[in-house]
Each structure stands twice: as C-alpha cells, then as structure tokens.
Amino acid sequence: MEKLTVLGAGLMGHSIALTAAWAKIEVVLQGIDQEDLDRADKGILSKLSILHANGLITQEDVGIIRDRIHFSVSVESAVEHATFVIEAIPENLQLKQDYYKNLDRLCGKDVVLASNTSGLSPTAIARDMDHPNRMVVTHFWNPAHLMPLVEVVRGERTDDGTIARSMELLRQMNKKPIEVKKDIPGFVGNRLQYALFREAQHILEEGVATEEDIDQAVVYSIGRRLPITGPFMTADMGGLEVFDSISNYLFEDLSKEEKSLRTMRKHVDNGHYGQKNGQGFYKWTPELSERMSQLREKELIRYLIEDRKSDSD
Ligand SMILES: NC(=O)c1ccc[n+]([C@@H]2O[C@H](COP(=O)([O-])OP(=O)(O)OC[C@H]3O[C@@H](n4cnc5c(N)ncnc54)[C@H](O)[C@@H]3O)[C@@H](O)[C@H]2O)c1
C-alpha cells in the first residue's frame, strides 16, 4: 500500500484526501497555515456528514475516516515518509515548476510526484526535475470525492512504472482512472467538454435557441444517454453508417472558433462570473443557487451509490 501525502488543502486537496481516507488509506494533508487546514477540516467533516445522511457511510465511519487524515503545515515533514504525493496547489506554471524542483530534492527518487493540474503540461511542470520519470498528472474532477474519473496523464519523460502505480492507487481509491497517453492541452475530458461548450455558444450567438433551451436540449437528449454510453458506444448503437453520413454534412457547419466566443467575453468583461457572483448566462438568485447545488450533489451521490452497487455485483 502506498503512503500518501496530499500537498495543498484547498477545494481539491481536502476532497482528494477525503477520497483516500474513505477508501481506508492513511493520508497526510498539508496546508500553508493553520487557517488553511482548519478550513479543510471543516470541509471534510461537512462532506462526511452528507455522505452519512445519504447512507454511504455510518456515523461511526465519520470519525474513523476523519482520523485517517493527518494534518501538517510543513511540506518537508508531510512528505518525509510518503511513497506517493498528490499536489493540489494553485494553477500557476512557474509556481509548480519551482515546487517540483524542490520536491524532487526532498523525496527519494522512487516517490511518485503527481499533479492535480487542470490543464498544465506535465512535461513543462517537470522541466527542472532530475527525476522527471516519476512525475505524472492525476487530474481529479471537482468534487473529487464524488466524481469517479481521474485522468492519468503521461509527460514526455514519465515512465511506465509511474503510470502503473498511479492507476493502481486510484483504483484502490475507488476511482475510474483512464490513461492519457499524450501530453495534450485539456487532456481528454476537458477537450470533449469544451467542444460541446463551443458549439453551444455558437448556436446561441447564431440565434438558434436560448441558453435555457440549449441546456434543456443537452439535459433531455444526449445528457440522458451519456452517463451510460460514451460517444463511441452511442455511435455503434445508433449505426455507424448513420453517424458517418451525418458527420459528412454536419462537421463543416460546426464552430471552428479559435478563441472564447463574444457573448462569453462580454459576460467576463462585465464581471459576470456566474453562480459565484449572481450573474452569468443565468441570473443566479440565492434560491436557484441553493436548488441547483443541492440537486447536482444529490445526483452525483445517486450515481456513486449505483456505481458501487454495480462494482460489487
Ligand atoms: N477547482 C477545480 O474545480 C479544480 C478541478 C480540477 C483540478 N484543479 C486543480 O487543482 C489544483 C488546486 O486547485 P484548487 O481549486 O484546490 O485551489 P485552491 O485555491 O482551493 O487551493 C490551493 C491550496 O494550495 C495551497 N497553496 C496556496 N498558495 C500556495 C503557494 N503559493 N504555494 C504552495 N501551496 C499553496 C493551499 O493549501 C491552498 O488551500 C490546481 O492546479 C487546479 O487547477 C482544480
């Protein structure tokens, strides 16, 4: 069993540590100061109580899982006994490059150093390391304790052993890891998400339908199938000759915009950031905000319960 340390106790770090502890793995969680760790601890306890309320864990488990997480404000002591480190510090290339240069010196050369970067290149992050073979990206999705996918992304100098150990640990953490064999921007998940997002904005700007109706079209059509069949299985089940014929007339008409589209730019330039400040493509009243956050969390938990049932069958 790997000895796990998570560096960075923010939104992602605390829920990655919780995921490990929930899967019976002892974990050290490092934050920059006590306030950072207190916030992480509060987040962990609140998530555990929601898991309990939904029957995923018992009341007794809450304390047991919480006790598997050991808090530290020092990077040096957090990594001292680690065999596997997951880093979740802010998304800044220079910061991560300096951080990995330092970790490379602090950790024995067999320790895997995995970054939770959303989209920075593992090859670039490992640029100044003497042992870049043990550096890899393990990209968890938010909220990390409820979203099953983790993308394991190979940098140009990542070795096979590092990939194998990452896949193994993530499976032990009850995740569904996939291997991304090439270091490309957006990895796999975000490329697909943003292909859909670009086209959604394009048809909005063309006046084809409203934001609400485009969202409804996704939720009540492809969205209903996607949790069960991805694009390739969907195409196989629909008939490849049909998908081939549609691709031939439709692809040329789809958006090929190379930058963020103008409606989005206008929102951002006007300080409309979405749910977090009340205005985005939607007007976010406190009621809508509360309702959608709860609904999404409830559905993610429902899927997780289903996954666990089918994994144990
Ligand atoms: N937020 C998301 O939805 C999401 C999803 C997937 C991946 N990620 C990636 O995960 C990483 C962490 O993102 P987050 O949203 O948890 O960030 P965050 O700001 O919530 O937390 C970052 C944590 O890093 C530590 N930290 C802060 N400044 C630091 C510094 N200068 N040096 C070292 N440590 C520092 C602190 O513990 C802080 O809590 C980023 O690389 C981000 O791109 C984020």
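A: A note on terms comes before anything else: helices and strands here are DSSP runs, with helices (H or I) of at least four residues and strands (E) of at least two, numbered from the N terminus. The model is a predicted one.

Q: Then where is the place of H139?

A: H139 sits in strand β6.

Q: Is H139 buried or exposed?

A: H139 is buried, because its relative accessible area is 6%, and buried means under 20%.

Q: What does H139 touch, not counting residues up to four places away in sequence?

A: H139 touches S115, N116, T117, S118, L149, V150, E151, F187 and N190 on that basis.

Q: Moving to the nonpolar core: how many residues has the largest one?

A: The largest nonpolar core has 43 residues, and L4 and F140 have the most contacts inside it. The largest share of this core, seven residues, comes from α1. Apart from it lies another core of 18 residues, among them A78, Y99, L113 and L120.

Q: What tends to happen to nonpolar side chains in soluble globular proteins?

A: In such proteins, nonpolar side chains tend to be buried together.

Q: Now the ligand. How many residues surround the ligand, and which are the closest?

A: The ligand is surrounded by 21 residues, and the closest are M12, D36, E91, K96 and S118. By type, the shell divides into 10 nonpolar, eight polar and three charged residues.

Q: Which elements each supply at least two residues of that shell?

A: They are α1 (11-22), α5 (93-106) and β6 (135-140). The largest share, three residues, comes from α5.

Q: Which polar atoms of the protein lie by the oxygen atoms of the ligand?

A: A polar side-chain atom of E91 is 2.6 Å from an oxygen atom of the ligand. A polar backbone atom of A9 is 2.9 Å from a ligand oxygen atom, and for a polar backbone atom of I89 the distance to a ligand oxygen atom is 3.2 Å. The protein covers 71% of the 830 Å² of accessible area that the ligand has on its own.

Q: On to backbone geometry. Where is there a cis peptide bond?

A: A cis peptide bond joins N142 and P143, with omega at about -5 degrees. P143 is placed in the loop between β6 and β7 (149-153).

Q: Which residues other than glycine have a positive phi?

A: Examples include K24, with a phi of about 70 degrees, and F187, with a phi near 50 degrees. Most residues other than glycine have a negative phi, and most peptide bonds are trans.

Q: Are K24 and F187 buried or exposed?

A: K24 is exposed, because its relative accessible area is 62%, and exposed means over 50%. K24 is found in the loop between α1 and β2 (27-30). F187 has 1% relative accessibility and therefore counts as buried. F187 lies in the loop between β8 (176-180) and α8 (189-205).

Q: One more loop: what about S255?

A: S255 has its place in the loop between α11 (240-250) and α12 (262-269). At 8% relative accessibility, S255 counts as buried. Leaving aside neighbours within four places in sequence, S255 is in contact with R198, E199 and H202. A polar atom of the S255 side chain lies 3.2 Å from the backbone nitrogen of E257.

Q: And how far is the C-alpha atom of S255 from that of A195?

A: These C-alpha atoms are separated by 9.0 Å, and the two residues are 60 residues apart along the chain.

Conventions. Residues are numbered from 1 along each chain as its sequence is written. This is a predicted model: local features need pLDDT of at least 70, side-chain atom pairs count only at pLDDT 80 or more; totals for chains, interfaces and linings use all residues. Side-chain values use heavy atoms; hydrogens and water are left out. A residue is near a molecule or strand if one of its heavy atoms lies within 4 Å of it. A polar contact is a pair of N or O atoms within 3.5 Å; within protein, one must be able to donate a hydrogen and the other to accept it, and residues adjacent in sequence count only if both atoms are side-chain atoms. Accessible areas come from the Shrake-Rupley method with a 1.4 Å probe; for residues, only the protein chains shown count as cover. Ala, Val, Leu, Ile, Met, Phe, Trp, Tyr, Cys and Pro count as nonpolar, Asp, Glu, Lys and Arg as charged, and the others, Gly among them, as polar. A nonpolar core is a set of buried Ala, Val, Leu, Ile, Met, Phe, Trp, Tyr and Cys residues joined through side-chain atoms within 4.5 Å. Buried means under 20% relative accessible area, exposed over 50%, partly exposed in between (1.4 Å probe, protein chains only). Contact means heavy atoms within 4.5 Å.
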